[in-house]
Structures are given as structure tokens and as C-alpha cells.
Amino acid sequence: MELTLTKIPSNPDELVKAFLTEIRTDYVVNNPFFKSLKDKKYTVKQLQMAFAAFAHYRSLFSRFLGHMILRLPIETEEWGPCGLNLAEEYGYGKPGKSHGILYANFLRGIGLTVKPEFIIAEELKEMPECAKNFERAFVKFLASAPIPGIVGMSGAYELLDGPEAKAQREALQKYGFTKELAYFTEHEIEKAHFTKYNEDQLNKYWSNPKARKDVVEGFNQVYRIQDRFYSELHEFAISF
Ligand SMILES: [Fe+2]
């Protein structure tokens, strides 16, 4: 299943709505990872390994925000929303509140071992193939994406956070994992991370048909990259 918004929405708000609708009705419902998680198809070991692999993915993501910033112009402050997202990843500097630390606490909560100050589980220190492929796909798109495409990508990631985290948290609770879920609840508030800055950026590009198309392609790419990552994460999980 693949999101392709062939029809360019008439305004950014419609794009956001279409994207969120598609995520809720398809991706976090039908992607084999989310489906297996929700239907409690994973053994505890498989679930632990899936989330240990996810730790690699989420560590990479912080660096990708840096990659995006590097591709944005220096004459303006187009990097701002990405910069905010990066600051948020580090918990705005509040001790113990970085998303890496919150995630490490969660991993311990599901019975994995994470050494103090580390954000990767001892049980899976080597980066799994699904995370490596995620990195390749991301870097490949980013290398040639036009600026509005990168801006679209950054906005789309902000929108994904909420529905993904909500689906994960609800499923984890079904498994009886109810401790240390702050990583998920932090990300869950839908659109909370999609700021006025993201909105302003999209609005700015909307008057230019080429830029508009590039923004939409950024959204589509994010959807494809995420859908593939989670499908491969599922394959990884069931290999245990
Ligand atoms: Fe985060």
C-alpha cells in the first residue's frame, strides 16, 4: 500500500488533512508492523526486538534533521522548523527529557538492558538492516530533493509522530507494558509538533505550482519511506 497524492490539494491545510486521514485509515492500520502489534501477534521476544530495532531508527532520525538543515538555504531561516524539531529531540536541554533518554527508559520498561547514558539496547547493539535501509532511502531522497520537497518532508514527519506513537502506545498497553511510556505520550498529541512555522512554510510555497508539487512529493516520499521501514521492521521482528 502506498500513499500517492496524485491530485494536488488546493491548500496546505487540505494536504495535512489528506495525509493524516491516509495515515489513520491505511498505514497505522494495515502496515504489517502496526497490524501485528495491534492484534497481539508478536511474542514478547519479537516485540522487544522490534522496539530495540526502532531505537536505531529513532537515533538516526535526529541526525537526519541535521541533514535536512544542511540542505536548506543560508540566506533565510528555512531551517527553523527542522531546528525546533531537533531541539525537541534533545528535550530542549532539560536533563533526562531527551527523546533518546525517554526511549531508553521505555526499553528498560519492556525488559531490555540499556546502559546508563546509552540509548540503544545491549540486546541489539548492531544496526539492523531495516534501519540501514531507512537511512539509505532518506539520504538518497534528500541528496537531490528540491528545497520545497525537504520542507514538505520535514512537515510530514511532524505529522506522523502523533498517529504512530498513539498506535504504538495503545498496542503496548494491550501487551501489559504500561510503565515508562512517556516517549509515546510526548509524541502523541496530534499535530502538536506541526507548528505554525511548518504551516507558514507550506503556505509560502503554495502559490508556486512547481514548489507545490515538490512539497507534495516530499510528503509522498515520507509516507513511502516510513511504510517500507515498518514493513521491514516487521520482517525483522518475526525472524526471532
Ligand atoms: Fe522524538
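**Helix packing and burial**

In this predicted model, Glu186 lies in helix 8, which spans residues 182-188. Glu186 has 18 C-beta neighbours inside 10 Å and therefore counts as partly exposed, since a buried residue would need 20 or more and an exposed one 12 or fewer. Between Glu186 and Ile8 there are 178 residues of sequence separation, and their C-alpha atoms are 31 Å apart in space.

We turn next to a pair of helices. Two packed helices are described by the angle between their axes and by the distance between those axes. For helix 4 (residues 80-89) and helix 9 (residues 196-205), the axes come within 9 Å and cross at roughly 155°; because angles over 145 degrees count as roughly antiparallel, that is how the two helices are described relative to each other. The crossing of helix 4 past helix 9 is left-handed. On the helix 4 side the contact is made by Gly80, Pro81 and Leu84, which meet Tyr197, Asn198 and Gln201 of helix 9, and the residues of this contact comprise 3 nonpolar, 3 polar and no charged.

Which residues of helix 9 are buried? They are Asn198, Gln201, Leu202 and Tyr205, and, viewed down the axis of helix 9, they fall within an arc of 95°, so they line one face of the helix. An α-helix has 3.6 residues a turn, so residues three or four places apart point the same way. The buried residues of helix 9 pack against helix 1 (12-30), helix 4, helix 7 (147-174) and helix 10 (209-238), whereas the face turned away from the buried side of helix 9 carries the exposed residues Lys196 and Asp200.

How values were computed:
Residues are numbered from 1 along each chain as its sequence is written. This is a predicted model: local features need pLDDT of at least 70, side-chain atom pairs count only at pLDDT 80 or more; totals for chains, interfaces and linings use all residues. Axes are lines fitted to C-alpha atoms, for helices over the stretch in contact, and angles run from 0 to 180 degrees between N-to-C directions. Helices (H or I, at least four residues) and strands (E, at least two) are DSSP runs, numbered from the N terminus. Angles under 35 degrees count as roughly parallel, over 145 as roughly antiparallel, 65 to 115 as roughly perpendicular and the rest as oblique. A crossing is left-handed if the near helix is turned anticlockwise from the far one by less than a right angle, and right-handed if clockwise. Two residues are in contact if their C-beta atoms, placed from the backbone, lie within 7 Å. Ala, Val, Leu, Ile, Met, Phe, Trp, Tyr, Cys and Pro count as nonpolar, Asp, Glu, Lys and Arg as charged, and the others, Gly among them, as polar. The arc is that of the directions from the helix axis to the C-beta atoms.
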